[in-house]
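Thanks for coming. I have one structure to go through today, and I will keep to a few local details. Please look at the screen.

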Amino acid sequence: HVKEYMEMLAEEDPTKYEAHFSKFIAEDIDADKLEEMYTEAHEKIRENPEHEPAEKKGITHSRSEEQITSSDGTEHVRSKKITLEQRRAKVAEKIAAAQAKLMEEDDDE
């Protein structure tokens with residue numbers, strides 16, 4: 001399926017083809033070489049089907065509220081999970097605010 005899609009895209013929209021398959025193009029793999037590539041990969045897997053897990057990098061993460069800092073120096077911002085009760089309270093607040101706004105608009109008329 002991918003081979004057909006590559007051929008179709010190369011003919012109809014070359015810029016989109018280059019964007020979608022840029023890594024294949026960089027490795028000089030076109031639609032004809034695609035099947036060959038996967039056949040070789042399957043042969044190598046059949047030769048040695050044992051999975052060798054990758055080495056762990058030993059990176060640890062520490063969290064301070066929504067800021068997560070890794071031992072390798074990277075930082076990320078992630079929302080903190082809230083409990084079911086907190087979610088329900090938040091929704092109840094929004095509903096109450098919306099109802100109050102509707103009541104206020106009804107009073108103005």
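Three bridges join E2 to strand E3, residues 75-77, and the two run antiparallel. Before I go on, please keep in mind that this is a predicted model.

E2 and E3 form a hairpin with four residues between them. In that turn, Gly73 has a positive phi of about 100°. As for the pairs across these strands, Ile68 has His76 as its bridge partner in E3, and Gln67 stands opposite Val77 in E3.

Now the other neighbour of E2. Strand E1, residues 61-64, is joined to E2 by four bridges, and this pair is antiparallel as well. Here Arg63 stands opposite Ile68 in E2. The hairpin of E1 and E2 has two residues between the strands, and Glu65 takes a positive phi near 55° there.

Put together, that gives an open sheet of three strands in the order E1-E2-E3, with antiparallel pairing. E1 and E3 are the edge strands, each pairing on one side only. On average, neighbouring strands of this sheet are turned by 20° against each other, direction ignored.

Next, charged residues. How many salt bridges does a search of the whole structure find? It finds one. The partners are Asp28 and Lys33, with their closest N and O atoms 3.3 Å apart. Is Asp28 buried or exposed? Asp28 counts as exposed because its relative accessibility is 54%, and the cut-off for exposed is over 50%. Lys33, at 37% relative accessibility, counts as partly exposed.

Last, Asp13. This residue sits in the loop between helix H1, residues 2-12, and helix H2, residues 14-20. With a relative accessible area of 29%, Asp13 is partly exposed. The side chains of Asp13 and Thr15 are joined by a polar contact of 3.0 Å. For a sense of scale, Asp13 and Ala100 are 87 residues apart in sequence, and their C-alpha atoms are 54 Å apart in space.

That is what I have; I will take questions now.

How values were computed. Residues numbered from 1 in each chain as written. Predicted model: local features only at pLDDT ≥ 70, side-chain atom pairs only at ≥ 80, totals over all residues. Heavy atoms only, no water. Buried < 20%, exposed > 50% of the residue type's maximum accessible area, 1.4 Å probe, protein only. Polar contact = N/O pair within 3.5 Å; in protein donor to acceptor, adjacent residues only side chain to side chain. Pairing = 2+ DSSP bridges. Salt bridge = Lys/Arg side-chain N within 4 Å of Asp/Glu carboxyl O. Axes fitted to C-alpha atoms, helices over the stretch in contact; angles between N-to-C directions.
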